[in-house]
Amino acid sequence: MVSHSCANNTFLFWFSNEHSNFRLAEMEALFKYFQLDRAILDRRKAKGPFVLMDFPDESGPRKLMSKTVLAHSCYELWASGVALEDLHENMKLNLHLVAPFVDDSFQFRVDTYGKTLTHKEKLPLIDTFEYMPLDGKVDLKTPELSLHLIQFFGMDPNRVPEYPYQQYFGRWLFDGQRRLVSKINLKDRKFIGNTSMDPLLSLLMANLALVKPNDIVLDPFVGTGSLLVASALMNAYVVGSDIDYLMVHAKTSSSRARQKKRASDESIRANLKQYGVENQYLDVVVADASRPLWKDDFKFDAIITDPPYGIREPTEKIGTSRQSPDYKIKEEHLALHIPSKISYTLQDIFSDLLNYSSKKLNIGGRLVLWIPISRTEYDEDKLPRNPALALVSNCEQTLTSTASRRLLVYEKIKEPTESCTTVLDGSALMYRFKFFEVDPTTHRRARKAKSVQEFGKSSKRGQQQSS
Ligand SMILES: C[S@@+](CC[C@H](N)C(=O)[O-])C[C@H]1O[C@@H](n2cnc3c(N)ncnc32)[C@H](O)[C@@H]1O
């Protein structure tokens, strides 16, 4: 495909509203993945969901849009302005940009953010572009040229201005990979469970892990394999393990409201088959993440995982508090032996995971994980650290006023020495007992007392708050 270049080389990326905290992390990862000039990202200008970046031509934007799940569309910017008149003035100086498309079939569209316009309101806006030198036919279905006036009415739905804060005009170039998010939706997926990872976040994690074709990706807490699905769609070979035999064999009770029994053919492999990537499936095995089973000299390109948080279910590993550590099960009992389990603290889960990843990743390979955090006790210095792993991104997803989970990305920078162990100050972790503690700021009686104190007993606000 020919890469057009434009006069000012500015490209407009329109991000979806969800997970705005993760935008920069995804873009940083994709810049690295495609080896694009990082200075372009550093010079970006952002306004609400719009990000402007200058590239020499459209090849960089095309690459980014071929992977991103957070940006939904990308345009070559032809003009911009706060007022429509300014935008037109700007466009009239850039009419040479239209030259390659003069004979193309075309359409004009008005897209808005923060306000809905009716078709009737949009038409006069389109008419203001009648000076554009376009000789092709109008084609509203499959035009060769799609021109968009994009109006930004701000982020506050309660204070929508009469006129837009900013207007952009440009040529639509590419859509992002939102269609993949719909393709792997949980509603239609063969095998899901209560903790199946959201499709958008699964794909985002694979992007952050820089997953590329033919990589070997491990999820040591694989559950129903959502993270394997995302990695397999990026043509990586995937392998997983989970301590729960019933989970690995898709025999846990169904999490679908109207399904009493799971179908006999549910499995992680079936999920991959459903999406046409069964050939990327290596295997899943029943194994305890605290006792890794992979050969010492075998390395992974990425480890992507969502360990248990111990909030909805206990965190466990194989072990016994009664026997000594060198206790051996008698030979005749081995075949039918079901190991007992002991509690696996969050601190140990994350320490083991980082220690293990520091050994089992290739240099440059990434570990991407979620960690439950107490928002009141969070401090970046308390996050797990390992000398062989550099923390390259850290984004928060808020769960409640006191709890969040953080998506952490580590990159292996060197082989660990004997003394390379993980340091983790567990005080910022969100333990089950903290999660279910009543948040004093949301407790009804405390709210009432606070508002009476702030606004007085007879004030309207004080009365409203206490009702
Ligand atoms: C949050 S879920 C993972 C969900 C998964 N990402 C998915 O999309 O279905 C955590 C998983 O870790 C497993 N698990 C808990 N303790 C474990 C251990 N010690 N070793 C391996 N897996 C464990 C649980 O059985 C559970 O399936």
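**Entry 1: ground rules**

I number residues from 1 along each chain as its sequence is written. Since the model is predicted, local features need pLDDT of at least 70 and side-chain atom pairs count only at pLDDT 80 or more, while totals for chains, interfaces and linings use all residues.

**Entry 2: the whole chain**

I looked up the secondary structure and found 14 helices and 16 strands. Helices (H or I, at least four residues) and strands (E, at least two) are DSSP runs, numbered from the N terminus. The C-alpha trace spans about 90 × 70 × 50 Å along its principal axes. Of the 467 residues, 34% are buried. A residue is buried if 20 or more other C-beta atoms lie within 10 Å of its own, exposed if 12 or fewer, and partly exposed in between, with C-beta atoms placed from the backbone.

I also looked up contacts between residues at least 6 apart in sequence, and 74% of them join residues at least 24 apart. Two residues are in contact if their C-beta atoms, placed from the backbone, lie within 7 Å.

**Entry 3: domains**

The domain assignment lists domain 1 (10-176) and domain 2 (182-435). Such bounds come from an automatic or database domain assignment. The contact involves 13 residues of domain 1 and 11 residues of domain 2. On the domain 1 side, I noted 7 nonpolar, 1 polar and 5 charged residues. Ala, Val, Leu, Ile, Met, Phe, Trp, Tyr, Cys and Pro count as nonpolar, Asp, Glu, Lys and Arg as charged, and the others, Gly among them, as polar. The centres of the domains, taken over C-alpha atoms, are 38 Å apart.

**Entry 4: the sheet from E2 to E5**

I traced an open sheet of 7 strands, ordered E2-E3-E1-E4-E7-E6-E5, with mixed pairing. Two strands pair if DSSP finds at least two bridges between them. Strand E2 (45-47) and strand E5 (106-113) each have a single partner strand, so one side of each has no neighbour in the sheet. From one strand to the next, the twist averages 30°. Axes here are lines fitted to C-alpha atoms, for helices over the stretch in contact, and angles run from 0 to 180 degrees between N-to-C directions.

E2 and strand E3 (residues 50-54) run antiparallel and share 3 bridges. Lys45 is opposite Leu52 in E3. Helix H4 (residues 84-93) lies across strand E4 (71-81) and strand E7 (166-175), at about 85° to E4.

**Entry 5: the sheet from E10 to E15**

I traced another open sheet of 7 strands, in the order E10-E9-E8-E11-E14-E16-E15, again with mixed pairing. Strand E10 (281-286) and E15 are at its edges with a single partner strand each, so one side of each is left without a neighbour. Here the twist averages 15° from one strand to the next.

I then checked the pairs. Strand E14 (residues 361-374) runs parallel to E11, with 5 bridges, and antiparallel to E16, with 9 bridges. Phe300 has Leu361 in E14 as its bridge partner, and Ser374 stands opposite Ala403 in E16. E15 and E16 are antiparallel over 9 bridges. Helix H11 (residues 346-360) packs on the sheet, touching E11, E14, E15 and E16, and makes about 170° with E14.

**Entry 6: helices H1 and H7**

In helix H1 (residues 23-33), I found Ala25, Glu26, Met27, Ala29, Leu30 and Phe31 buried. They pack against several elements, including helix H7 (199-208) and strand E15 (389-398). Just after H1, Gln35 has a positive phi of about 50°. In H7, 10 of its 10 residues are buried.

Which residues come nearest the ligand? Of the 23 around it, they are Phe221, Gly223, Thr224, Ser226 and Ala289. A residue is near a molecule if its C-beta atom, placed from the backbone, lies within 6 Å of it. Helix H8 (226-233) and strand E12 (316-318) each give two or more residues to this shell. By class, the shell has 9 nonpolar, 8 polar and 6 charged residues.

Asp306 counts as buried because it has 23 C-beta neighbours inside 10 Å. Leaving out residues up to four places away in sequence, Asp306 touches Met197, Phe221, Leu227 and Trp370.
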